[in-house]
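This briefing is meant for a reader meeting the structure for the first time. Please keep the sequence and the model in view while going through the points below.

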Amino acid sequence: MKNEAEKAVFGAQLKDFASTLRNFIATGDEWTIRGFIDIFKNIYTISSDTKIVSKVLELHLFPHFLTFAQKIGYDIELAKYQNWYPDLTFISKSNPQIKFAVDLKTTYRDEEYPGFCNGFTLGSHGEYFVSRTSTKNIQYPYDEYSGHFCLGIIYSRAVLDKNEEMHIYSIDEISTIPSVIKNFLFFAEEKWKIASDIGGSGNTANIGSIQKIDDILNGNGVFAKAGEELFDDYWANFGKIEILRNGKRKKLSSFDEYLQYRSLPAELNNPKAPKRKAK
């Protein structure tokens, strides 16, 4: 259910909100979270494992999402199950037909490739993406959302030795506990604008993101010139349409191949620069 005027307003509000979040979770360049505390006032340091970092960041930020939603006149629904899309559903208080999907994404800078991050997934291109009225693994049918956004966090991983990562501190030592992540960068963007044309993870049907940080911040993904409709059609058919290449049939796996298949101008493709190692 598209509502372009409301989507533009919500997108601008979400971007403004994202620009404030660093103030809530960092002092200087470092994360204010240093570990988990028990009733005996022992602090257990956080692993730098990306899944742990991502979940704790989400918990740390959630109260601020609630405040933001109330301020702009929306309610928030969390995904019913852990693997459902999206993480957050914003529902307008004045018109509950207006909904926005917001997925929270975290990734770290790739120190070998300056200017790039490790990338992240942008949701499935499976059942609910193809069949827009499906309720499988999604809070509301895909077409009931007026827009699909990603609110992302890019950070740098601190270099810690194993003793620092797996150590128990007393509450009196909290100021000496090292932070496992630092140098935060927040952004908010419609997911189609930061999508790549490559799957995001292994054997699962996930849409991958672009990885150049400047392109992410500017919404300059592979489909930026082509638009959301072609993004939808490409990913709904990813790995399904077969094309003839060098006398052999293969499944469509790039936006360049898709444009040729649809007889569309090659200029609609917005190819991304490859990673190059620092010398």
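Predicted model: local features only at pLDDT ≥ 70, side-chain atom pairs only at ≥ 80, totals over all residues.

Strand β5 (residues 74-78) is joined to β6 by five bridges, and the two strands run antiparallel.

- Strand β6, which covers residues 88-92, is mostly covered, with five of its five residues buried.
- The side chains of L88, F90 and S92 point one way from β6, while T89 and I91 point the other way, and all of these residues are buried.

- From K99 to I213 the separation is 114 residues in sequence, and their C-alpha atoms are 28 Å apart in space.

*The sheet of β8, β13 and β12*

- An open sheet is formed by three strands in the order β8-β13-β12, with antiparallel pairing.
- Strands β8 (121-124) and β12 (195-199) stand at the edges of this sheet, and because each has a single partner strand, one side of each is left without a neighbour in the sheet.
- On average, and with direction ignored, neighbouring strands of this sheet are turned by 35 degrees against each other.
- Strand β13 (residues 206-209) runs antiparallel to β8 and is joined to it by two bridges, and in this pairing S124 stands opposite N206 of β13.

*Helix α7*

- Helix α7, made up of residues 228-236, lies across β12 and β13 and runs at about 5 degrees to β12.
- Seven of the nine residues of α7 are buried, so the helix is largely enclosed by the rest of the structure.
- The buried residues of α7 are E228, L230, F231, D232, Y234, W235 and A236.
- Among the elements that cover these buried residues are the strands β11 (181-190), β12 and β13, together with the helices α1, α4 (127-130) and α8 (255-261).

*The second largest pocket*

- The second largest pocket holds about 170 Å³ of space.
- Which residues line the second largest pocket? Its lining is made up of Q13, D16, F17, T20, F24, H64, T67, F68, K71 and I72.
- Two or more residues of this lining are given by each of the helices α1 (4-18) and α3 (50-72), and α3 supplies the largest share, which is five residues.
- By type, the lining of the second largest pocket divides into four nonpolar residues, four polar residues and two charged ones.

Notes
Residues numbered from 1 in each chain as written. Heavy atoms only, no water. Pairing = 2+ DSSP bridges. Helix = DSSP H or I, 4+ residues; strand = E, 2+ residues; numbered from the N terminus. Axes fitted to C-alpha atoms, helices over the stretch in contact; angles between N-to-C directions. Contact = heavy atoms within 4.5 Å. 1 Å grid on protein atoms, 1.4 Å probe; cavity = no way out; pocket = protein on both sides within 12 Å on 5 of 7 lines; lining within 4 Å. Points joined across faces, edges and corners; volume = space filled by probe spheres on them. Nonpolar A, V, L, I, M, F, W, Y, C, P; charged D, E, K, R; others polar. Buried < 20%, exposed > 50% of the residue type's maximum accessible area, 1.4 Å probe, protein only.
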